[in-house]
Amino acid sequence: MKANNRAIKISGARQNNLKNISLEIPKGQIVVFTGVSGSGKSSLVFETIGAEAQRQINETQNSFTRNRLSHFGVADVDKIEHLNVPVIISQKRMGGNARSTVGTATDIYASLRLLFSRIGTPFVGYSSIFSFNHPQGMCPRCEGLGIVSSINTEALLDRNKSLNEGAILFPTFQPGGYRWIRYAHSGYFDRDKKLKDFSKKELALLLNAEEHRPPHPDKSWGKQCNTLVCSQGSKTIF
Ligand SMILES: [Zn+2]
């Protein structure tokens, strides 16, 4: 068959799970490889065509430079003809950081910030004020992430139970346990009172009190205290 230099011609590709594939890829147009996961799209595009093209380019360099270029192994293929110089854009996933977006990854975001800082009303002049990743620009409630994680206290409590009956549903707060004792024997609560009968003040102490040492705890409050922080008597998780 007459060689068609308007196409890349691959003969006998066997890289990874490719089964001795031969095909032509037309040049000068967009070609999409599609197929189910594991069908060999990456093996063909990246590990065969891309690797071979990169290897050929690397070979044009002297050995000093070649040793410093990344190595792409030799693709398992009989022959590839009419290969172009490739621009390989890797498939690597973007980092999972919530502060990375399409905008930050492409840098469009930086241009938009600049644009808004110059033509926005009121005029501020500082592009960082338009950054959701900058303390001056971020929304104070969600700190620029667009979502707020908070604790659903109702899921942690059974208000029909008393502390003695295990009203705090979080696993390490089982009655008699160390953390339960820190609350139940703090001297603040009637351990047999159901949470639904707690006063507002009692509930506030149970749920939202700042870290502190209760002034009149029961005797058992300090008994199981064997952590470093606790034995120093300086701070107690309450
Ligand atoms: Zn927000």
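Gly137 is found in the loop between H4 and helix H5 (153-156); helices (H or I, at least four residues) and strands (E, at least two) are DSSP runs, numbered from the N terminus. This is a predicted model, in which local features need pLDDT of at least 70, side-chain atom pairs count only at pLDDT 80 or more, and totals for chains, interfaces and linings use all residues. Residues are numbered from 1 along each chain as its sequence is written.

**Gly137 and its surroundings**
- Gly137 is partly exposed, because 17 other C-beta atoms lie within 10 Å; a residue is buried if 20 or more other C-beta atoms lie within 10 Å of its own, exposed if 12 or fewer, and partly exposed in between, with C-beta atoms placed from the backbone.
- Beyond its neighbours within four places in sequence, Gly137 is in contact with Ser128, Ile129, Phe130, Ser131 and Phe132, where contact requires C-beta atoms, placed from the backbone, to lie within 7 Å.
- Tyr126 and Gly137 are 11 residues apart in sequence, and their C-alpha atoms are 9.8 Å apart in space.

**Helix H4**
- Helix H4 (residues 108-119) comprises 12 residues and reaches 16 Å from its first C-alpha to its last, close to the 16 Å expected at 1.5 Å a residue; the expected span is 1.5 Å times one less than the number of residues.
- H4 lies largely in the open, because the number of buried residues among its 12 is 1.

- An open sheet is formed by 3 strands in the order S2-S1-S3, with antiparallel pairing; two strands pair if DSSP finds at least two bridges between them.
- Strand S2 (21-26) and strand S3 (77-81) stand at the edges with a single partner strand each, so one side of each has no neighbour in the sheet.
- Neighbouring strands of this sheet are turned by 10 degrees against each other on average, direction ignored.
- Strand S1 (residues 7-13) is joined to S3 by 4 bridges, and the two run antiparallel.
- Ala13 stands opposite Val77 in S3.
- Helix H1 (residues 41-59) lies across S1, S2 and S3 and runs at about 110 degrees to S1; axes are lines fitted to C-alpha atoms, for helices over the stretch in contact, and angles run from 0 to 180 degrees between N-to-C directions.

**Chain totals and confidence**
- The chain has 8 helices and 3 strands, and buried residues make up 13% of its 238 residues.
- The average pLDDT (the predictor's confidence in each residue, from 0 to 100) is 85, and 90% of the residues score at least 70.
- Over residues 226-238 pLDDT stays under 50, and the model has 17 contacts beyond four places in sequence for this stretch.

Methods. Contact = placed C-beta atoms within 7 Å.
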